[in-house]
Each structure stands twice: as structure tokens, then as C-alpha cells.
Amino acid sequence: MDYPYLTRKEFDVCVELFVARYGSALEDGGTRVEQQTSSTGRQYLVLQRAVYAKQAVSGPVHEGDIEDDDPTSPVFERTSDGARIEYHAVYSATWRVPVLYVRVVTSTGEVVLDGERVCDMVTEDSAVRAAMAAVPFGGALGVADHPELGVPFLYLHPCHTAKLLSAVAPGQETGPSVGPGEYLAAWMSLSGAAVGLSLPSIGYC
């Protein structure tokens, strides 16, 4: 393995190991995890979960529900209207790293491909949203056809992926190393937060 780069066969191994290690914990947290095979026989990873939004709760306010000790503060709960978000980890032979493809599908079947709208729906951190919006050329999220499905998805451009992964784990001689069993988790820890993707806290090193 020529870290941070992968061959397609190494990517397939990374997908299998990721599902084995994280699948149960993610499923317990409400995220469906699947190893998919395209019509051409290529593997890719799919994570899918409901999209939640904050909604004010009517009715009496109970002790512990008040924000900032202000009895007039609204109380919120996380609700879902049936929308779901899909994250697809797909191998890029050009960049030799995974690429994250994202789409939100509403309860009516609408596919949301507006990057700003998706970030508002799935990322509660305003600092993350601001950082995404500050990226030039239309933001960090672009629109392209999914390489294996042939339909439009949002995607995070992979031009800096190798550099970021190298900074996280430069190698055995100069720092921690990342093997096939941890590769996708390390990659998601760098790219996933921008689109509301996080992993259970079992670590990746």
C-alpha cells in the first residue's frame, strides 16, 4: 500500500474492512451501511441515514429543558420529515483516493443538489457551513455524475485528499500509520464533517 494512495483492489479491501469494523456501530446509531457493486463489478461504499432538523416543541417546559436559564427560551427536539442523506465512497482511478459523493432525497422523492441547501440541512455547525461557502469556484461541493450510477450527485473534490491524509499519518518513521482497516475512517474524519458525516467514537488508529 503506497499510502495515502490506493489501487482499486486496495480500495475494495478498505471497504470490506470498514464495513466489518464500523458497520454494527453505525447501524446502531441509525446509519445504514452497505457495500455495493456496480453493473461493471466495481465496489463502492454507501452510508445512508435520516436527515434531522431542530423543531420547537410546544407544551410545558420541564426543568433541564430551558436554555441559558431563560424560561422564555424555546425547547427543541430533533425531528425527521422522511428525508434521507446518502454518502457514497467511490474510488477515483485518476486521483487514486476515494471521492465522497453526497445527495439528499426528500420525502417527496426530490433529489437536492444545491450544495448550500444540503449543508444547511445536514450540518448544524455554522463555522463548517461558513468554511464551505468560502471556498471559491462555487464552494467545496460540486455536481457531477456518480461514476458507478451515472446520475448527478454532489461531490467533494479530491484534489487535496492525499495531502490531508499524509498530514494525518505521515508514515511509520515520522508518525502514526494508517492501514487498510483504518483508511476510510481516517478519510471520513477529514472530509465527512463538511457534509454532516461522522463516525462512532471507536477510533480509527
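This is a predicted model: local features need pLDDT of at least 70, side-chain atom pairs count only at pLDDT 80 or more; totals for chains, interfaces and linings use all residues.

Student: Where do Arg 21 and Glu 182 lie?

Tutor: Here's the general idea: side chains of opposite charge can pair when their charged atoms come close. In this case Arg 21 sits in helix 1 and Glu 182 in the loop between helix 4 and helix 5, so the pair ties together parts that are 161 residues apart in sequence. As for accessibility, Arg 21 is partly exposed at 33%, and Glu 182 is partly exposed at 21%.

Student: How many salt bridges does a search of the whole structure find?

Tutor: Seven. Another one pairs Arg 96 with Asp 2, with the closest N and O atoms 3.6 Å apart. Arg 96 belongs to the loop between strand 5 and strand 6, while Asp 2 is in the segment before helix 1, so this pair ties together parts 94 residues apart in sequence. Arg 96 is partly exposed, at 33% relative accessibility, and so is Asp 2, at 46%.

Student: What about Arg 103 and Glu 86: buried or exposed?

Tutor: Use the cut-off: buried means under 20% relative accessible area. Arg 103 comes in at 17%, so it counts as buried, and Glu 86, at 5%, is buried by that rule too. Their closest N and O atoms are 3.1 Å apart in a salt bridge. Since Arg 103 is in strand 6 and Glu 86 in strand 5, the pair ties together parts 17 residues apart in sequence. Arg 84 joins Glu 86 and Arg 103 in a network of salt bridges.

Student: Now the nonpolar side. Which residues touch the most other members of the largest core?

Tutor: In soluble globular proteins, nonpolar side chains tend to be buried together. Here the largest nonpolar core has 39 residues, and the ones touching the most other members are Phe 18, Leu 45, Leu 47, Tyr 87, Leu 100, Tyr 183 and Leu 184. Among the elements that each supply at least two residues of this core are helix 1 (8–28), strand 5 (84–92), strand 6 (97–105) and helix 5 (183–191). Apart from it lies another core of seven residues, including Tyr 44, Val 46, Val 99 and Tyr 101.

Student: And what does Tyr 183 touch, leaving out residues up to four places away in sequence?

Tutor: Its partners include Met 1, Tyr 3, Pro 4, Leu 6, Cys 14 and Leu 165. Cys 14 is buried, at 1% relative accessibility, whereas Cys 159 is partly exposed, at 38%.

Student: How many disulfides are there?

Tutor: The count is zero.

Technical notes: Residues are numbered from 1 along each chain as its sequence is written. Side-chain values use heavy atoms; hydrogens and water are left out. A nonpolar core is a set of buried Ala, Val, Leu, Ile, Met, Phe, Trp, Tyr and Cys residues joined through side-chain atoms within 4.5 Å. Buried means under 20% relative accessible area, exposed over 50%, partly exposed in between (1.4 Å probe, protein chains only). Helices (H or I, at least four residues) and strands (E, at least two) are DSSP runs, numbered from the N terminus. Contact means heavy atoms within 4.5 Å. A disulfide is a pair of cysteine sulfur atoms within 2.5 Å. A salt bridge is a side-chain nitrogen of Lys or Arg within 4 Å of a carboxyl oxygen of Asp or Glu.
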